[in-house]
Amino acid sequence: MAEQPGTKVHPRIPLTSQRAFEAGVAVADEHGLAAVTMRKLAEELGVEAMSIYHHVANKEAILDGMLDVVFTEIDLPSTTSAWRTAMGQRASSARSVLLKHPWAIALMDSRTSPGPATLQHLDAVIGCLRNANFSIEQAAHAISLLDAYIYGFALQETNVPFDTPDEVKDVVEAIIEQTPFDEYPHLAEMAVEHVLQPGYDYGAEFEIGLDLILDGLESLVES
């Protein structure tokens, strides 16, 4: 039978759990996490929904696998660089990956069955800090602080209503027009003397904040 025009042709690629996880990531990237259903995955993969259950137990397993796919994209801390450099590079990589997959932020610390890439990543971070003479308690403090900052900044960056300097200018000027800034002098000062200055880039705040955190951790481990 001839194929109907517009019919989506799926190559005969064997279905695996990894393909299901990657399909989940693709769906979430395009439509959001709420769109990840067995029916939608089946459509993405070109199979019947029941076929997926031969490879994964349930949707929770899909979410665990999707998060593991995301962790494979985050650079592991370098084993040859100083801990501060390694943590900075890892933080920047994580931020970039989370901007690419913003839905993953909500899953980062909520899963109870982490996959091998997730576990490898956490183990490498702990190992980097322990090799730099962080005590196990200090390593726990460092990871909690760094991840809270990375995930929180990525979430903020995803939600700000602008992407370019021109868009920043448009948004801030629109707010200024409708706000009695004489009642909020400090807010007005920041808007005019910082945000509206040439070259302002909200993303640059990330490295400044990260340096402050790393300064604090350096003081902690050296005390």
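**Ground rules.** I'm working from a predicted model, where local features need pLDDT of at least 70 and side-chain atom pairs count only at pLDDT 80 or more, while totals for chains, interfaces and linings use all residues. Residues are numbered from 1 along each chain as its sequence is written, and side-chain values use heavy atoms, with hydrogens and water left out.

**Salt bridges.** How many salt bridges are there? I got 9, taking a salt bridge as a side-chain nitrogen of Lys or Arg within 4 Å of a carboxyl oxygen of Asp or Glu. The background idea is that side chains of opposite charge can pair when their charged atoms come close.

I looked up Arg84 with Asp211 and found a salt bridge whose closest N and O atoms are 4.0 Å apart. Arg84 sits in helix H5 (residues 83-100) and Asp211 in helix H10 (residues 204-222), so this pair ties together parts 127 residues apart in sequence. Helices here are DSSP runs (H or I, at least four residues), numbered from the N terminus.

Next I checked Asp215, which also meets Arg84 in a salt bridge, at 2.7 Å from N to O. This one again links distant parts of the chain, with Asp215 in H10 and Arg84 in H5, 131 residues apart.

Asp211 is partly exposed at 38%, and Asp215 counts as partly exposed at 36%. My cut-offs were: buried under 20% relative accessible area, exposed over 50%, partly exposed in between (1.4 Å probe, protein chains only). I also wrote down that Arg84, Asp211, Asp215 and Glu218 are linked in a network of salt bridges.

Then I turned to Arg95 and Glu157, a salt bridge with its closest N and O atoms 2.6 Å apart. Arg95 is in helix H5 and Glu157 in helix H7 (residues 136-159), 62 residues apart. Both Arg95 and Glu157 are buried.

**Ring pairs.** I searched the whole structure and got 5 aromatic pairs. The rule: rings of Phe, Tyr and Trp (its six-membered ring) pair if their centres lie within 6.5 Å, with planes under 30 degrees apart stacked, over 60 edge-to-face and the rest tilted.

Trp83 and Phe134 have ring centres 4.9 Å apart and planes at 75 degrees, so I logged the pair as edge-to-face. Trp83 lies in helix H5 and Phe134 in the loop between H6 and H7, so the pair ties together parts 51 residues apart in sequence. Trp83 and Phe134 are both buried.

I then looked at Tyr149 and Phe153, a tilted pair at 5.9 Å centre to centre with 50 degrees between the planes. They are 4 residues apart in helix H7, about one helical turn. Tyr149 is buried at 19%, and Phe153 is buried at 6%. Ring pairs link Tyr149, Phe153, Tyr202 and Phe206 into a cluster.

**Single residues.** Asn133 is in the loop between helix H6 (116-131) and H7, and it is exposed at 64%.

Last stop was His194, in helix H9 (residues 185-195), partly exposed at 37%. The side chains of His194 and Glu205 make a polar contact at 3.1 Å. A polar contact is a pair of N or O atoms within 3.5 Å; within protein, one must be able to donate a hydrogen and the other to accept it, and residues adjacent in sequence count only if both atoms are side-chain atoms.

Notes: Helix = DSSP H or I, 4+ residues; strand = E, 2+ residues; numbered from the N terminus.
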